[in-house]
Amino acid sequence: MTFDRFLHWWLPPALAWRLDKPRREKRETAAFTAFYQNFLTKGDLCFDIGANLGNRTRCFRKLECEVVAVEPQHSCFQRLKKLHGNDSSVHLVNQAVGRETGEATLHVSPDHVLSSLSTEFIQRTQGSGRFANSSWDGTQRVGLTTLDQLIEQFGMPRFIKIDVEGFESEVLAGLTQAVPALSIEWTPEFPENTRTCLSHLEKLGDYEFNVSWGESMRFSKPSWRSLESMLRLIDEFESETQLFGDIYARLRAS
């Protein structure tokens, strides 16, 4: 009998899930690392904005990249310190990222990946039914930095991953220079946020775009899209509540 069949048939689901966690993480890391090789090579600097528990940071380190991992949630940041605090190639920043420095209120969910600085994101996703059963009962005051300040402090990254639950446009508002490549989370029922992101990128440089649906870590098509094509796709899937994804942007080769 295989280990998978043993877990599935003979153990309680909760115990089977816990026992299989190391193998799941290994498979996830392998898939994510292979995908991020589209953007990163050994020695590159990358930013993990909204690092949460560090699954992307783990993948970036597998590629032997230097990582700036930015996470405002206290509990998540403590986990990051435990995992990467002794790694000189990981720079941990216990702040959120926005259009300017200061402080903001983080709305904290028991499901830590849903905690957000955007009340509109919370309202839209609860109203659409996507997260109708989720709650954001806690709040936490967090410090704000900007992408420009992070670049000034750590250098120009080769790639920036931004996953901040509806606050992506505010994060990009604090960037005034073109970076080689980046990703933003796309929630279809909050299209204004995504359109604002793409409009800002258009002002910074000549970008082209692609999509990876869900956690597939695969591009939706091999050819990259123009801004106009990407905006049409956002219009097509507006208010869709079963799908989500990441939009990738890279500067066109000159």
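**Exercise 1.** Which residue's side chain meets that of Glu-238 in a salt bridge?

*Solution.* This is a predicted model, in which local features need pLDDT of at least 70 and side-chain atom pairs count only at pLDDT 80 or more, while totals for chains, interfaces and linings use all residues. Residues are numbered from 1 along each chain as its sequence is written, and side-chain values use heavy atoms, with hydrogens and water left out. A salt bridge here is a side-chain nitrogen of Lys or Arg within 4 Å of a carboxyl oxygen of Asp or Glu. The partner of Glu-238 is Arg-195, at 3.0 Å from N to O. Glu-238 lies in the loop between helix 9 and strand 10 (245-251), and Arg-195 in helix 8 (residues 191-204), 43 residues apart; helices (H or I, at least four residues) and strands (E, at least two) are DSSP runs, numbered from the N terminus.

**Exercise 2.** Determine whether Lys-161 and Asp-48 are buried or exposed.

*Solution.* Buried means under 20% relative accessible area, exposed over 50%, and partly exposed in between (1.4 Å probe, protein chains only). Both Lys-161 and Asp-48 are buried, and they form a salt bridge whose closest N and O atoms are 2.7 Å apart.

**Exercise 3.** Describe the surroundings of Ser-118.

*Solution.* Ser-118 sits in the loop between strand 5 (102-108) and helix 5 (119-128), and its relative accessibility of 8% makes it count as buried. Leaving aside residues up to four places away in sequence, Ser-118 is in contact (heavy atoms within 4.5 Å) with Glu-165, Gly-166, Phe-167 and Phe-190.
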